[in-house]
Amino acid sequence: MTTTQTAQHTPGPWRIFIGNGVPHFKYPPPEVVNSEGLRIAAFSNWGMQQATQEANAALIAKAPQLLEQCEYWLSYARGDPRYAAWLGKTEAIVAEARGQS
């Protein structure tokens, strides 16, 4: 990515999909897909408990909403001295998530 490009994530909502129909998996690994069913993230079923995979997938699936809420909070909190201690770190995280860092 060049310095003039900005990363664009796939718009939400994202959801968890389990059950890819692969017969040799006792517990098929979860995937995170967009509203059209296109894969955003896939997990290996090696070396990690199924519950941990599903918890990780749940967190990733909420990423677009978490980013949106962080941006909303920033718009609310800017200019309010009560939030000064948190603004810099939150702005840096949002910039990184947007590919602007």
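**Note on the salt bridges**

1. The side chains of R82 and D80 form a salt bridge, with N and O 2.7 Å apart. The term denotes a side-chain nitrogen of Lys or Arg within 4 Å of a carboxyl oxygen of Asp or Glu. R82 is exposed, at 57% relative accessibility, whereas D80 is buried, at 17%. Here, buried means under 20% relative accessible area, exposed over 50%, and partly exposed in between (1.4 Å probe, protein chains only).

2. The model is a predicted one, in which local features need pLDDT of at least 70 and side-chain atom pairs count only at pLDDT 80 or more, while totals for chains, interfaces and linings use all residues. Residues are numbered from 1 along each chain as its sequence is written, and side-chain values use heavy atoms, with hydrogens and water left out.

3. A salt bridge also joins the side chains of R39 and E31, at 2.8 Å from N to O. R39 has 56% relative accessibility and is therefore exposed; E31, at 11%, is buried.

4. E71 and R98 are likewise paired in a salt bridge, their closest N and O atoms lying 2.8 Å apart. E71 belongs to helix 2 (residues 63–77) and R98 to the segment after helix 3 (84–97), so the pair ties together parts that are 27 residues apart in sequence. Helices are DSSP runs (H or I, at least four residues), numbered from the N terminus. E71 is partly exposed, at 27% relative accessible area, and R98 is partly exposed, at 23%.

5. How many salt bridges does this rule give? The count comes to 4.

Note on methods
Helix = DSSP H or I, 4+ residues; strand = E, 2+ residues; numbered from the N terminus.
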